[in-house]
Amino acid sequence: MTDVDRCLICGEAIPEGVQVCKSCMAQYHIEAGEAVEIAEEMRDIAGVLSITANTDGNIKKSMESILRIADRLERKGNEERNRTKVFAESRIGKAENGNHTG
């Protein structure tokens with residue numbers, strides 16, 4: 001049997017250059033532009049999984065690393081939100097103080 005392109009969601013045979021079959025696009029309300037984005041995301045996930053395939057120790061290490069990355073990104077986002085809040089509050093406080101003296 002020849003190498004056939006398959007839908008990234010259900011595995012159905014699809015024409016070359018297509019990432020997601022029409023049935024899955026209809027079922028999951030996917031527009032054509034979204035199909036490319038979904039395909040890229042699924043390829044990335046498959047890449048991570050293939051690196052760690054059949055090796056429990058590597059899977060555990062990889063997942064721990066991914067969770068650490070996610071934690072750092074979340075903390076960074078929280079720090080930026082807090083900085084913005086402090087900055088806004090300090091500007092409001094200065095404006096209020098200026099209004100009371102004038």
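**Figure 1. Overall fold of the predicted model.** From the N terminus on, the elements of the protein run α-α-α. The protein has three helices and zero strands, where helices (H or I, at least four residues) and strands (E, at least two) are DSSP runs numbered from the N terminus. This is a predicted model in which local features need pLDDT of at least 70 and side-chain atom pairs count only at pLDDT 80 or more, while totals for chains, interfaces and linings use all residues. Residues are numbered from 1 along each chain as its sequence is written, and side-chain values use heavy atoms, with hydrogens and water left out.

**Figure 2. The negative surface patch.** Glu31, Glu34, Glu37, Glu40, Glu41 and Asp44 form a negative surface patch. Glutamate 41 lies in helix H2 (residues 32–51).

**Figure 3. The nonpolar surface patch.** Val48, Ile59, Met63 and Ile66 make a nonpolar surface patch of about 300 Å², the area coming from the Shrake-Rupley method with a 1.4 Å probe and only the protein chains shown counting as cover for residues. Helix H3 (residues 56–101) gives the most to this patch, with three residues.

**Figure 4. Isoleucine 66.** Isoleucine 66 is located in helix H3. Because its relative accessibility is 37%, isoleucine 66 counts as partly exposed (buried means under 20% relative accessible area, exposed over 50%, partly exposed in between). Of the 102 residues of the protein, 11% count as buried.

Note on methods:
Patch = residues over 30% accessible without salt bridge, like charges linked within 9 Å, V, L, I, M, F, W, Y side chains within 5 Å. Salt bridge = Lys/Arg side-chain N within 4 Å of Asp/Glu carboxyl O. Lys, Arg positive; Asp, Glu negative; His and termini not counted. Charge placed at Lys NZ, Arg CZ, Asp CG, Glu CD. Buried < 20%, exposed > 50% of the residue type's maximum accessible area, 1.4 Å probe, protein only.
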